[in-house]
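Please find below a colleague's note on the model under discussion. It is arranged as numbered points for reading beside the structure.

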Amino acid sequence: MLFKADLGKRVDNLVGAVDSRDDKRFSAALRGIAGATPKARPDEVDAALARLTSVLAEIPLGMGGDLAQIAGGMADYGTDAAVVVVPTLVSRATNAMEQAARFAELYGAVFGDLPGPDDAGQIGPTIERFVETAPNRGMAQPDAYNLVEAWFSGGKWVQPVLYLSQRKDVRAVLPERPRLTAAIDATREHFGTAHWLYGLLLVLDDEPLVVLHRATRRGYRVTISGVGDNFQLHTLLAAALIGDESQGLVPGQRPSAAEIAAASDGEDLTPAGGIRGNFNLVDAHGEWIWNEGRPADIPKLEGKRVVVIDPPPYPRSWNAGRPYPLMRPTVTVDGMLPADEAAHWLDLVKPSQRG
């Protein structure tokens, strides 16, 4: 019971600090919660997060950014903590980005270059410039202050959503996804966390692919989840499909263990010597599937995303195996297509438009 009382006491301290707007006590309570959480039982973490969620829902954006990040980290120690806290984190992050986008629009129209959202030294001057002159622009000062607060704290609110969305179970339950995506899209040029979260929001899970090897006229049913970009897809398809041709696989040099680990679940994302390209990937219309893109960019044909494997036109290599270190991908070969079905697809797809 010691751990329960320990974590519960720290949550009590935080709630009291928020009620009294005591910044020093609030910071101490945050540190206490972060220290006590790893020692607590999962059910105790769930209980603490349930209490903190109500605080997160109401706390001012400027005060709550650090709490949002702590709550996101706590989810790793609970049982269903992600489900408990994710809706509130998404709601507040979405609202913060919407307000930040509004700030950028209004501030830029009047004053020009925007202050850096991570530059705390610009908070005071921005309040003086934007908030104190707000009545001259027909805007209430509290409304203007809220926009400034969103601009300088919004990245902290997005960070735990970015962190948690690397989990497939979280991506499956993200609420208000269209609104969140629109808000993140509107601000991703200003906030690094928004830039990376935007990519996660485009990740496909349990997505079927038709993969065709043009030279052998073989085809495969493949299902992917959690693949962050086409560099990663390239490596994982090579790992899954290159092998013994007598067993229905395709010819080539399979990626090394280090390359596969970098693209899947290894700690070293940048193996020595980089990662070697094995194929040229082409879509059903004959356009190259650029490694810099994402699986979601691959167009559909007859309701399926189609990937055609051609020989590489020139040597390719890249440094990092995956863009999201904590996201665990799967590329599963569900089976070979019957010869007549593979032929059907190969007759539909266009020749490569390049090279």
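1. Basis. The model is predicted; local features need pLDDT of at least 70, side-chain atom pairs count only at pLDDT 80 or more, and totals for chains, interfaces and linings use all residues. Residues are numbered from 1 along each chain as its sequence is written, and side-chain values use heavy atoms, with hydrogens and water left out.

2. Largest pocket. The largest pocket holds about 500 Å³ of space. A pocket here is an open set of points on a 1 Å grid over the protein atoms alone, where a 1.4 Å probe fits, with protein on both sides within 12 Å along at least five of seven lines; lining residues have an atom within 4 Å of a point. The volume is the space filled by probe spheres set on the points. Among the 24 lining residues, Gly 62, Met 63, Ile 123, Phe 152 and Ser 153 lie nearest the centre. Two or more lining residues come from each of helix 2 (23-36), helix 4 (61-74), helix 6 (123-131) and helix 7 (141-164), and helix 7 gives the largest share, 9 residues. Helices (H or I, at least four residues) and strands (E, at least two) are DSSP runs, numbered from the N terminus.

3. By class, the lining comprises 12 nonpolar, 5 polar and 7 charged residues. Ala, Val, Leu, Ile, Met, Phe, Trp, Tyr, Cys and Pro count as nonpolar, Asp, Glu, Lys and Arg as charged, and the others, Gly among them, as polar.

4. Asp 310. This residue belongs to strand 6 (residues 304-310). Asp 310 has a relative accessible area of 12% and is therefore buried (under 20%; exposed is over 50%, partly exposed in between, with a 1.4 Å probe and protein chains only). Its side chain makes a polar contact of 2.8 Å with that of Arg 214 (a pair of N or O atoms within 3.5 Å, where, within protein, one must be able to donate a hydrogen and the other to accept it, and residues adjacent in sequence count only if both atoms are side-chain atoms). Beyond four places in sequence, Asp 310 also touches residues including Phe 279 and Ser 352 (contact means heavy atoms within 4.5 Å).

5. Leu 237. Located in helix 11 (residues 230-241), Leu 237 is buried, with a relative accessible area of 0%. Leaving aside neighbours within four places in sequence, its contacts include Val 211, Ile 242, Phe 279 and Val 331.

6. Aromatic pairs. There are 10 aromatic pairs in the structure (ring centres of Phe, Tyr and Trp, the last by its six-membered ring, within 6.5 Å; planes under 30 degrees apart are stacked, over 60 edge-to-face and the rest tilted). Trp 196 and Tyr 324 form an edge-to-face pair, 5.7 Å centre to centre with 90 degrees between the planes. Trp 196 lies in helix 10 (residues 192-201) and Tyr 324 in the loop between strand 7 (317-318) and strand 8 (330-336), so the pair ties together parts that are 128 residues apart in sequence. Trp 196 is partly exposed, at 40%, whereas Tyr 324 is buried, at 6%.

7. Most residues other than glycine have a negative phi. Glu 302 lies in the loop between strand 5 (300-301) and strand 6 and is exposed, with a relative accessible area of 54%.
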